[in-house]
Amino acid sequence: MMLFILRNDSSTLREKIKESSASYKFLDLYGKKLALVWPDEEAEKINDDSIEMKVKTRKPYILASNEWKKEPTKVSVKDVEIGGDKIVVAAGPCAVESEEQVETVAKAVKRAGASLLRGGAFKPRTSPYSFQGLGEGGLKILRKISDEVGLPIVTEIMDARDLPLFKQYDIDMLQIGARNAQNFTLLKEVGKFGKPVLLKRGMANTVEEWLQSAEYLLSEGNGNVVLCERGIRTFEKATRFTLDIGGMVAAKMMTHLPMCADPSHPAGKRELVHSLALASVAAGADMLIIEVHPNPEKALSDSEQQLTPESFEVLMNRIKALANALGRSA
């Protein structure tokens with residue numbers, strides 16, 4: 001596959017590509033006009049004055065790779081920038097349970113230094129009999145509390161048919177969960193939607209497969225993508241999942257996209273969350289997403305891994321100290 005970086009949108013180039021036997025896709029990304037053309041033997045024959053540069057790669061995630069875009073991408077969620085010097089922390093309950101619960105947590109995590117409010121309105125659960133979330137009611141609560149407290153929202157979408165609801169409640173950042181990391185129809189539709197996306201790594205995905213999932217979003221013209229390492233499934237039973245710090249570092253070297261880590265899910269136990277969060281920061285994470293509940297023992301989902309507001313405040317102080325030692329802020 002070849003990527004043509006264009007000086008301008010040329011009708012003559014379009015005609016030349018159409019006349020060839022090549023497959024192609026034109027798109028605008030990061031302020032540049034691009035053309036993806038394949039296979040290589042056909043793309044190499046095409047020349048036009050509008051082509052500023054041709055980038056040839058064997059990687060199946062050319063848009064997500066740093067072969068053509070050397071500078072790190074920064075993603076803005078309202079006034080919150082992810083991918084800069086500041087380590088951004090999103091915090092909130094695993095699941096939205098009530099307005100009072102979300103309000104209590106949102107105020108507490110903001111005081112502690114969180115920049116984004118997380119919370120699940122739609123919950124993918126292994127058992128069909130487990131709490132599935134409040135659905136639209138959860139989105140309504142998140143929007144209300146977000147406006148009151150002043151924290152942008154990140155919340156999971158499971159079904160493209162719910163996109164009108166996410167538009168109605170003006171959700172600031174859409175999360176693609178681990179179980180939907182290779183739901184290609186959903187990825188394409190969310191890519192077209194245009195809002196910033198937090199893309200979690202599938203629990204059995206390789207780093208390359210994860211980056212190819214990001215490619216689906218970018219190929220629809222949405223470059224506002226943050227990758228999120230959330231732990232993979234291994235033979236280990238001491239933790240819920242295995243937080244793949246090495247995979248996260250490798251991915252960061254292969255892509256220009258900012259990197260998030262979720263220490264809550266791989267921990268499975270709140271006693272492990274602090275250490276995994278700090279390890280992620282030390283390894284170069286640009287963002288953390290952490291579960292916090294006012295009364296974790298009574299949570300309707302993932303009760304064992306959610307921090308109390310008091311514990312989260314302690315963690316934030318430790319993150320700030322570590323970030324300072326690394327020449328960053330939090």
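## Basis

Local features in this predicted model need pLDDT of at least 70, side-chain atom pairs count only at pLDDT 80 or more, and totals for chains, interfaces and linings use all residues. Residues are numbered from 1 along each chain as its sequence is written, and side-chain values use heavy atoms, with hydrogens and water left out.

## Second largest pocket

The second largest pocket holds about 220 Å³ of space. A pocket here is an open set of points on a 1 Å grid over the protein atoms alone, where a 1.4 Å probe fits, with protein on both sides within 12 Å along at least five of seven lines; lining residues have an atom within 4 Å of a point. A volume is the space filled by probe spheres set on the points.

Its lining consists of Met1, Lys25, Leu36, Trp38, Pro60, Gln212, Glu215, Tyr216 and Ser219. β3 (32–38) and α7 (207–218) each give two or more residues to this lining, and α7 gives the largest share, three residues. Helices (H or I, at least four residues) and strands (E, at least two) are DSSP runs, numbered from the N terminus.

## Largest pocket

The largest pocket has a volume of about 510 Å³. It is lined by 29 residues, of which Arg179, Arg230, Arg240, Phe241 and His265 are the closest to its centre.
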